Amino acid sequence: MMPSSTQISLLQAMGIPVWKLRGRAEVELSDPVDTTALLARISNSIFLVSHDSQITKQTNYLLQAMMSTIGLSGAAACFISLAELDVLTKLKEREIEQKILFLMGDGAVKQVFGEASNVVTYRNNTHNIEQSNLTAIVSFGLDELMINPQNKALAWQDLRAVKMYTNDVHEKR
């Protein structure tokens with residue numbers, strides 16, 4: 001069972017490293033990621049989405065609405081788990097074509113940039129992942145947007161950046 005955003009905040013306030021423990025549990029409990037299958041699955045996508053939210057009917061609807069506002073269908077994006085994200089960020093440049101990585105939520109940000117990272121720190125910039133062809137753009141998680149709708153305007157700015165970079169990558173192909 002996934003803890004709610006409120007539970008995570010309370011645990012973090014108590015000094016419990018929730019994301020670190022959660023990341024370990026996901027990696028230990030999940031099957032090893034088949035790198036060849038992952039590369040095949042993402043090969044036709046320019047835009048990759050990794051999020052730390054539990055996908056519910058509401059969050060799925062929100063995500064689809066967000067994608068359609070920037071003119072991308074659900075088929076244009078490839079959704080990857082946090083374990084797959086970890087594998088992708090460790091691949092060398094020659095193993096993967098240029099991709100836009102849309103990191104949604106603190107869990108996804110911590111997976112790429114480290115335990116001390118958060119959405120607020122990494123928003124409003126693009127980040128080239130060292131030694132890979134991944135350009136990361138960071139935004140709020142779906143759960144955060146459901147709890148704090150005032151952040152949707154900021155998420156809209158992030159989506160516009162995704163659209164701009166997606167167009168650039170598409171033109172270079």
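Q: How many helices and strands does the protein chain have?
A: In this predicted model, the protein chain has 9 helices and 5 strands. Read along the sequence, they follow the pattern α-α-α-β-α-β-α-β-α-α-β-β-α-α.

Q: What makes β2 and β4 edge strands of the sheet?
A: The open sheet has the order β2-β1-β3-β5-β4, with mixed pairing. β2 (77–80) and β4 (126–128) each have a single partner strand, so one side of each is left without a neighbour in the sheet. From one strand to the next, the twist averages 30°.

Q: Why are β4 and β5 called paired?
A: Pairing requires at least two bridges between two strands. β4 and β5 (residues 134–139) are joined by 3 bridges, so they count as paired. The two strands run antiparallel, and H127 stands opposite A136 in β5.

Q: Which strands does helix α3 touch?
A: Helix α3 (residues 35–42) packs on the sheet and touches β1 (47–51), β2 and β3 (99–104). A contact means heavy atoms within 4.5 Å. The direction of helix α3 makes about 150° with that of β2.

Q: What share of the contacts in the protein chain with a separation of 6 or more comes from residues 24 or more positions apart?
A: Such residues account for 74% of those contacts.

Q: What makes a residue buried, and what percentage of the protein chain is buried?
A: A residue is buried if its relative accessible area is under 20%. Of the 173 residues in the protein chain, 42% are buried. The protein chain exposes about 9500 Å², and carbon and sulfur atoms supply 53% of that area.

How values were computed:
Residues are numbered from 1 along each chain as its sequence is written. This is a predicted model: local features need pLDDT of at least 70, side-chain atom pairs count only at pLDDT 80 or more; totals for chains, interfaces and linings use all residues. Side-chain values use heavy atoms; hydrogens and water are left out. Helices (H or I, at least four residues) and strands (E, at least two) are DSSP runs, numbered from the N terminus. Buried means under 20% relative accessible area, exposed over 50%, partly exposed in between (1.4 Å probe, protein chains only). Accessible areas come from the Shrake-Rupley method with a 1.4 Å probe; for residues, only the protein chains shown count as cover. Axes are lines fitted to C-alpha atoms, for helices over the stretch in contact, and angles run from 0 to 180 degrees between N-to-C directions.
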